Amino acid sequence: MAKHSAEEIAASTRQQLRAIVRLTWDLRRPVPVSESIEREEGPCWLVSIEPGTQWSGRGLRLGEISELEVPDERVIDQGYELAGHIYHLKDRLHQYVRAAELPSRKQDHPLHVSKIVERSEDLRVCGDLINLKKHGRNDNLSKRSPSLGNVVLDTSVCGVVEFQYDGSNKVTALLSSTATPVSRTLQLLSNGEEYRPNALDMFVSAFEAWRPLISEIGLLARPDPESEFLRIVYSYDDAP
């Protein structure tokens, strides 16, 4: 099998960085109001995580509540996917520094990928999450036995809430008495108990562990629009 050049590996690594950007934005984005629905008691607005969801006409009226936990698989799966992209940057970065024959390819270098993973519990949590999702095993590299919990919707902005959950395809929809997008977080669990209220904070912290290595090897230092976009998104200063 032919070996990939350093530039080919760099290009695939930047592609993975763009995937991380997209997933992070998706998880951070509030759930939008998709349509208005006229009812006897007045207009309501449909709020749905899954695009194209239709209101069945029946739901559980919850009144005014501050938050609502739902096991929405679409968002949970995005969380596991993001964990995998962040953790497996180690493979791309390791391949690149070897192909480019950079100092950080050496095992005793402080920015060797294995040492970065050793120092970052959040990276090891990401590794445990993707191994649990992809392989169904608990390697417990982090000693946290992590998993992703429910999606928590901030319904404090919704006024009166009516809730609908389709158990067949695990899709959530709300009727809100206000036309306001709904913020959401994704729970991170440890041994089945809440570890952090927002898994996205952990994902961001885990990615930050790669920042010194990405800067040292100049992965985003090219004077092209692709690299410039990633430098801006990730707030890197290593412009050419």
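**Close-up views of a predicted model**

View 1. Leaving aside neighbours within four places in sequence, S190 is in contact, meaning heavy atoms within 4.5 Å, with R144, S145, P146 and Y195. The residue S190 lies in strand β8 (residues 184-190), where strands (E, at least two residues) and helices (H or I, at least four) are DSSP runs numbered from the N terminus. With a relative accessible area of 13%, S190 is buried, a term used for values under 20%, whereas exposed means over 50% and partly exposed in between (1.4 Å probe, protein chains only). This is a predicted model, in which local features need pLDDT of at least 70 and side-chain atom pairs count only at pLDDT 80 or more, while totals for chains, interfaces and linings use all residues. Residues are numbered from 1 along each chain as its sequence is written, and side-chain values use heavy atoms, with hydrogens and water left out.

**View 2. Helices α1 and α3.** The axes of helix α1 (residues 6-28) and helix α3 (residues 89-99) come within 9 Å and cross at roughly 155 degrees, axes being lines fitted to C-alpha atoms over the stretch in contact, with angles from 0 to 180 degrees between N-to-C directions. That angle makes α1 roughly antiparallel to α3, since angles over 145 degrees count as roughly antiparallel, under 35 as roughly parallel, 65 to 115 as roughly perpendicular and the rest as oblique. The contact is made by A6, I9, A10, S12, T13, Q16, L17 and I20 of α1 and by L89, R92, L93, Q95, Y96 and A99 of α3.

**View 3. Helices α2 and α6.** The axes of helix α2 (residues 73-87) and α6 come within 10 Å and cross at roughly 10 degrees, and the two helices are therefore roughly parallel to each other. In this pairing, G79, L82, A83 and I86 of α2 meet L200, F203, A206 and F207 of α6.

**View 4. The buried face of helix α6.** In helix α6 (residues 199-208), the residues A199, L200, M202, F203, A206 and F207 are buried. Seen down the axis of α6, these buried residues fall within an arc of 155 degrees, so they line one face of the helix; the arc is that of the directions from the helix axis to the C-beta atoms.

**View 5. G57 in a loop.** The residue G57 is placed in the loop between β2 (44-48) and β3 (60-64), and at 44% relative accessibility G57 counts as partly exposed. Not counting residues up to four places away in sequence, G57 touches R39 and Q164.
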